[in-house]
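Please read it alongside the structure shown below.

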Amino acid sequence: MINFDVNKLLNLLENTDTGFYILSETGAILHCNQKFLDYIGESNTASVIGKDIFTFIDPENKEEFQRFINKCLTVGSYNDFETVLSPKDNVFTYILQSGILEEVKGNVHISVLCRNITRRKIIEENLRSAKEKIEESDKLKTAFLSNLSHEVRTPMNAIIGFSELLMNSNISAEQKEKYLIHITNSGNVLLNLIDDIIDVAKIQSGQLSIKKTRMDINHLLFEIFSSYVQLCKSKKGDDVELILNQTDKASTLKIYTDPLRLRQIFTNLLSNALKFTDKGYIEFGYIYDESSDVKPITFYVKDTGIGLSSKHKD
C-alpha cells in the first residue's frame, strides 16, 4: 500500500488527456476528471460523484470489472485491464485502465488511469474479420478446386472412354448413337464447368456483368428442357421423368432480363435436382398470374428427391 498526496495527483490529472477516477472500496466514484466524463457521456462531475461505477459499465463486463476491483484491493494494483463502458447512442467505448490501491488519512481507495482504445479495438476487429474472410476464402478455393478436379475428371473419362469404344468397328449403329449421346452430354457438362470457372474469376475481380435484353421465356425453357431431357434419360433411365411446365406454350411471353444468368440459375438447380433424385420426377417452369396488376412470374424447380432436413432449411 502506498501513501501519496492525492491533491497533487488530482491537480496533475485534472486537465490531462488521460481519463482518471477514484473509487471507494465498494465501487462508488469519489472523483473523476473531464476526460473520464467524456468517456462515460456525462457533462459534469456533480452528476457522477457517489454513483456506483457499475452504472457506467456494460452489463456483460460487470463480473470481470469486479475482479479488477478485488485484485486492486488484495494485491494492490492491476495493470492494463480492458473493459467496455455502457453504450451511449448505441456506441460502445472500450477503455484500457490501470488501478492502484492508496490510503489517504486512513481511508482506502483505488486510483484509476484509463484511456480510450475504441479505435484500436475497431481496427483489431476489422483485421480479425478480414483475416477470417481470407482464411474462409482460401478454404472455399481449396474445396472448389478439389471439387472441380473431380467434376472435370468424370466427364473427361466418359468422353475418352466412349471415344475409344467408337473406334471399334464391330459396334452397331444403335450403340454408336448411344455412345455419341454420352460424349455430347459429357461435353456439355465440361462447357458448364468452364463457364462456372470463368464466372467465379469474374466475380472475384468484380467484372461479372449483367446484360439484359427482351427474351421469350417459353423459348428459353424449351431449350433447357431439350438439353436436360437426354441427360436425365442417360443418368436415370425411366426412373425419373423430366417435366416442363409452361403456363401458356402457345403465347409469346417476353421479359427484360439476362438470359444467360437465368439459364444458369435453372441449369444449376436442375443439375442439383438430377443429382439427388433417383425416382419420380423433376419439374421446372413458371407460373404467370396475368390477372394481377403486378403480373408476377414465379419460376420454380421441384423434384421428388431427398430434399432438406428441417434443421437445414433456414
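Two strands pair if DSSP finds at least two bridges between them. In this predicted model, strand β10 (residues 280-288) is joined to β11 by seven bridges, and the two run antiparallel. A search of the whole structure finds twelve aromatic pairs and zero disulfides.

**Sheet and packed helices**

- The strands β8, β10 and β11 make up, in that order, an open sheet with mixed pairing.
- The edges are held by β8 (240-245) and β11 (297-303); each has a single partner strand, so one side of each lacks a neighbour in the sheet.
- From one strand to the next, the twist averages 5°.
- Within the antiparallel pairing of β10 and β11, Tyr286 has Phe299 of β11 as its bridge partner.
- Helix α6 (residues 217-236) packs on the sheet and touches β8, β10 and β11. The direction of helix α6 makes about 180° with that of β8.
- Helix α7 (residues 259-276) also lies across β8, β10 and β11, and runs at about 20° to β11.

**Aromatic cluster**

- A pair of aromatic rings is described by the distance of the centres and the angle of the planes.
- One aromatic cluster is formed by Phe54, Phe65, Phe68, Tyr78 and Phe81.
- Among the twelve aromatic pairs, Phe68 and Tyr78 have ring centres 5.5 Å apart and planes at 45°, so this pair is tilted.
- The Phe68 and Tyr78 pair links distant parts of the chain: Phe68 belongs to helix α3 (residues 62-75) and Tyr78 to strand β4 (residues 77-88), ten residues apart.
- For Tyr78 and Phe81, the ring centres are 5.4 Å apart and the planes stand at 65°; angles over 60 degrees count as edge-to-face, so this pair is edge-to-face.
- Phe68 is buried because its relative accessibility is 0%, and buried means under 20%. Phe81 is likewise buried, with a relative accessible area of 3%.
- Lys71 lies over the face of Tyr78, 4.5 Å from the ring centre.

**Cysteines**

- A disulfide is a covalent bond between the sulfur atoms of two cysteines.
- The structure holds zero disulfides. Cys72 is in none, and its nearest cysteine sulfur, that of Cys114, is 12 Å away.
- Cys72 counts as buried, at 0% relative accessibility.
- Cys232 counts as buried too, at 3% relative accessibility.

Definitions and conventions:
Residues are numbered from 1 along each chain as its sequence is written. This is a predicted model: local features need pLDDT of at least 70, side-chain atom pairs count only at pLDDT 80 or more; totals for chains, interfaces and linings use all residues. Side-chain values use heavy atoms; hydrogens and water are left out. Rings of Phe, Tyr and Trp (its six-membered ring) pair if their centres lie within 6.5 Å; planes under 30 degrees apart count as stacked, over 60 as edge-to-face and the rest as tilted. Helices (H or I, at least four residues) and strands (E, at least two) are DSSP runs, numbered from the N terminus. Buried means under 20% relative accessible area, exposed over 50%, partly exposed in between (1.4 Å probe, protein chains only). A charge sits over a ring if NZ of Lys or CZ of Arg is within 6 Å of the ring centre and within 35 degrees of the ring normal. A disulfide is a pair of cysteine sulfur atoms within 2.5 Å. Axes are lines fitted to C-alpha atoms, for helices over the stretch in contact, and angles run from 0 to 180 degrees between N-to-C directions. Contact means heavy atoms within 4.5 Å.
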